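Good morning, and thank you for the time. Please look at the model on the screen while I take you through a few of its features.

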Amino acid sequence: MSVVHDYHVHSNYSDGTQMPRMLDAAADAGLRGVGFADHCNVAEREGLQREKREYGINLDRTYPLRREAIESLREQYDLRIFDAVELDYDPRDEGDIASFLDEADFDYAVGSVHRVAGTNVQRSAPFADQSERERRAFVDDYYERLADLVESELFAVAAHVDLPERTPELRGYTTADHHELVADAFRGSRTVPELNAGRVLRDYGEYHPASDFRAALRERGVAFVAGSDSHEPDEIRNRKRALEDHFAEREAEPVQLFD
């Protein structure tokens with residue numbers, strides 16, 4: 001079961017590597033299509049604006065320059081290069097997200113919940129001194145926001161749909177009820193979850209979503225796109241192989257957004 005399109009790769013327009021290096025690696029890995037889905041946030045809240053300036057992740061301003069580069073690179077590579085975005089989702093920002101996506105006209109948009117009430121899901125420090133009750137409440141809020149993301153119909157793809165499992169302090173708080181909530185949302189939506197290989201070869205050692213969550217999605221007829229979530233060239237080949245192994249074991253094909 002060959003993975004021919006990787007819809008989730010990052011470049012130096014967010015926190016990844018220069019596009020030519022990523023494309024060289026993708027071609028060497030046998031991919032036929034690569035989607036540069038760089039991080040982006042359009043919220044006007046000051047804390048997020050400050051963080052964007054400090055870390056230099058400003059695709060909402062730089063996407064026209066990246067688009068010019070992609071158009072140039074399309075002439076140099078025998079690959080389909082998709083002009084995409086991984087956009088942070090918060091229900092408060094739905095209007096701004098919709099306006100930005102309409103203006104920017106990406107090939108597709110990936111939606112992610114990286115923060116809940118301003119707290120980054122992937123950082124351990126905010127949860128280190130929390131009680132089990134507080135951690136459980138945070139995870140509850142995460143999955144409610146994720147269901148909101150899916151139901152918003154703003155995105156073609158939803159990324160790493162059990163992100164709390166990546167964070168040791170939050171791992172294990174995801175429940176079957178969370179799986180059912182989100183799986184039901186996907187069943188009624190055009191949004192497709194990704195099988196994300198970003199941590200399967202690292203300490204976490206599992207795909208997003210994890211196996212029991214995948215089962216709940218498959219029970220509802222929900223299929224997956226393939227996303228390596230690669231930030232470095234060396235990650236692309238090994239993560240592509242891991243994704244192919246997963247689909248082959250289940251005799252399933254990944255969803256392709258484009259023919």
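I begin with T191, which touches V150, E153, F155, A156, V157, A158 and F186, leaving aside residues up to four places away in sequence; contact here means heavy atoms within 4.5 Å. This is a predicted model, in which local features need pLDDT of at least 70 and side-chain atom pairs count only at pLDDT 80 or more, while totals for chains, interfaces and linings use all residues. Numbering starts from 1 along each chain as its sequence is written, and side-chain values use heavy atoms, without hydrogens and water.

T191 sits in the loop between α6 and β8; helices (H or I, at least four residues) and strands (E, at least two) are DSSP runs, numbered from the N terminus. Is T191 buried or exposed? T191 is buried, at a relative accessible area of 3%; buried means under 20%, with a 1.4 Å probe and protein chains only. Its side chain reaches the backbone oxygen of F155 at 2.9 Å.

I turn to the sheet. Seven strands form an open sheet in the order β1-β2-β3-β4-β7-β8-β9, with parallel pairing; two strands pair if DSSP finds at least two bridges between them. β1 (5-9) and β9 (225-227) stand at the edges with a single partner strand each, so one side of each has no neighbour in the sheet. Strand β7 (residues 157-158) is joined to β8 by two bridges, and A158 has P193 as its bridge partner in β8.

Finally, helix α7 (residues 211-219) has F213, R214, A216 and L217 as its buried residues. These pack against α5 (132-152), α6 (176-187), β8 (192-196) and α8 (233-249).

Note on methods: Buried means under 20% relative accessible area, exposed over 50%, partly exposed in between (1.4 Å probe, protein chains only). A polar contact is a pair of N or O atoms within 3.5 Å; within protein, one must be able to donate a hydrogen and the other to accept it, and residues adjacent in sequence count only if both atoms are side-chain atoms.
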